[in-house]
Amino acid sequence: MSQRDQQNPARPLSPHLQIWRWGPHMLVSILHRATGDGMALVGLPILVWWLAAAASGPGSYATFQAVMGSPLGLLVLVGVSWAFFNHMTSGLRHLVLDIGAGYELDTNRRWATASPIIGILLTAAFWAVILLK
Amino acid sequence: MGNGTPIGRVRGLGTAHEGAHHWIVHRMTAIGNLVVMSYLLVSLALLGDYGHASVVEWLSSPLAATAIILLVISVFWHARMGLQVLVEDYLHEPGTKLAILAALNLAIIGGGAFAIFSVATLAFGRTA
Ligand code: HEM
Ligand code: HEM
């Protein structure tokens with residue numbers, strides 16, 4: 001016995017995705033999911049490979065370094081690090097919203113806009129430290 | 001699902017039919033991730049080079065080994081819960097859902113055990 005059985009079947013359906021005017025909070029929402037899933041599916045296998053290669057000895061580790069140090073490998077690493085920083089800022093925004101704060105329209109829009117920008121800046125700062133040291 | 005109180009009428013609805021505990025543990029592991037991932041990224045930024053010798057030297061110290069083992073636990077748990085939400089949102093056929101969630105458990109537990117074992121090998125191997 002679901003709630004739906006008792007409702008008027010002629011009631012309008014929810015409008016679908018393309019009907020909404022895009023705002024920054026929608027981008028942040030879908031990016032949070034995409035980056036979280038991307039890290040889980042791509043980042044974690046790389047992490048496991050890295051640790052296992054280190055434990056298996058210099059030979060396995062050299063293979064890991066050759067692949068991940070190649071231009072394509074570095075591109076993937078930059079991508080994963082961006083996914084992390086982006087997910088971290090939107091995740092922190094999530095935690096603030098979860099305690100019930102930050103729903104005023106202008107505040108909400110400001111942090112939704114700031115979150116992906118801060119994510120990119122942190123990614124750039126991280127690689128600057130690594131490449132310039 | 002009961003017909004009594006308002007909360008009783010809505011309990012168990014939603015794509016996953018449950019979830020408050022899942023939701024809270026997801027937030028707790030998010031906070032854990034913040035701590036351990038900061039440790040990993042600062043360590044990586046400070047590491048002199050990324051060759052085998054330096055990485056093993058760093059990873060086999062008790063502090064780094066403990067932190068990375070905790071990282072694997074917190075991040076793998078968090079990622080497993082996140083992927084579960086993804087599956088619950090987009091897969092609606094109960095059999096497929098069960099099969100994917102079973103495969104997800106095997107991958108997460110298998111990958112996590114392999115990662116932790118690798119770190120432990122290095123940490124214990126240093127003094128051996
Ligand atoms: C551009 C617009 C939209 C974006 C970017 C978007 C993005 C997302 C994301 C990332 C999630 C998972 C988020 C989370 O669990 O916190 C989600 C969940 C969901 N969305 Fe949307 N969405 C959009 C529009 C819509 C619309 C128009 C509907 C319904 C008509 C809808 C229905 C749902 C439902 C039912 C869930 C699952 C909620 C749950 O059980 O946690 N979404 N959406
Ligand atoms: C600073 C560290 C992190 C914070 C603060 C954080 C925060 C969060 C939060 C609050 C959620 C819940 C979103 C929701 O219910 O819609 C979430 C979802 C998720 N997180 Fe994280 N997270 C972090 C790191 C990670 C890492 C390292 C991974 C993967 C390796 C990851 C993978 C995921 C996945 C797959 C989801 C589910 C996304 C969805 O279904 O919408 N997170 N994260």
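1. In this predicted model, Arg33(A) makes a polar approach to ligand 2: a polar atom of the Arg33(A) side chain lies 3.0 Å from an oxygen atom of the ligand. The side chain of His94(A) places a polar atom 3.3 Å from an oxygen atom of ligand 2, while that of His78(B) places one 2.7 Å from a nitrogen atom of ligand 2. The elements that contribute two or more residues to the shell around the ligand are helix H1 (24–56) and helix H3 (71–98) of chain A, and helix H2 (20–46) and helix H4 (62–90) of chain B.

2. The surroundings of ligand 2 comprise 22 residues. The closest of these are His32(A), Arg33(A), His87(A), Arg27(B) and His78(B). Because residues from both chain A and chain B surround ligand 2, the site is shared between chains.

3. Which element gives the most to the shell around ligand 2? It is H1(A), with seven residues. Sorted by class, the shell has 10 nonpolar, nine polar and three charged residues.

4. A separate point concerns the surface of chain A. Leu41(A), Val42(A), Leu72(A), Leu75(A) and Val76(A) form a nonpolar patch there, and together they have about 480 Å² of accessible area. Helices H1 and H3 of chain A each supply at least two residues of the patch. The largest share, three residues, comes from H3(A).

5. Val42(A) is located in helix H1 of chain A. Is Val42(A) exposed or partly exposed? Its relative accessibility is 41%, so Val42(A) counts as partly exposed; that class lies between the limits of 20% and 50%.

6. The last point concerns the backbone of chain B. His17(B) has a positive phi of about 65°, although this residue is not a glycine. Where is His17(B) found? His17(B) is in the loop between helix H1 (6–10) and H2 of chain B. With a relative accessible area of 55%, His17(B) is exposed, because the exposed class begins over 50%.

Note on methods: Residues numbered from 1 in each chain as written. Chains lettered and ligands numbered in written order. Predicted model: local features only at pLDDT ≥ 70, side-chain atom pairs only at ≥ 80, totals over all residues. Heavy atoms only, no water. Near = heavy atom within 4 Å. Polar contact = N/O pair within 3.5 Å; in protein donor to acceptor, adjacent residues only side chain to side chain. Helix = DSSP H or I, 4+ residues; strand = E, 2+ residues; numbered from the N terminus. Nonpolar A, V, L, I, M, F, W, Y, C, P; charged D, E, K, R; others polar. Patch = residues over 30% accessible without salt bridge, like charges linked within 9 Å, V, L, I, M, F, W, Y side chains within 5 Å. Areas by Shrake-Rupley, 256 points an atom, 1.4 Å probe, with all protein chains shown as cover. Salt bridge = Lys/Arg side-chain N within 4 Å of Asp/Glu carboxyl O. Buried < 20%, exposed > 50% of the residue type's maximum accessible area, 1.4 Å probe, protein only.
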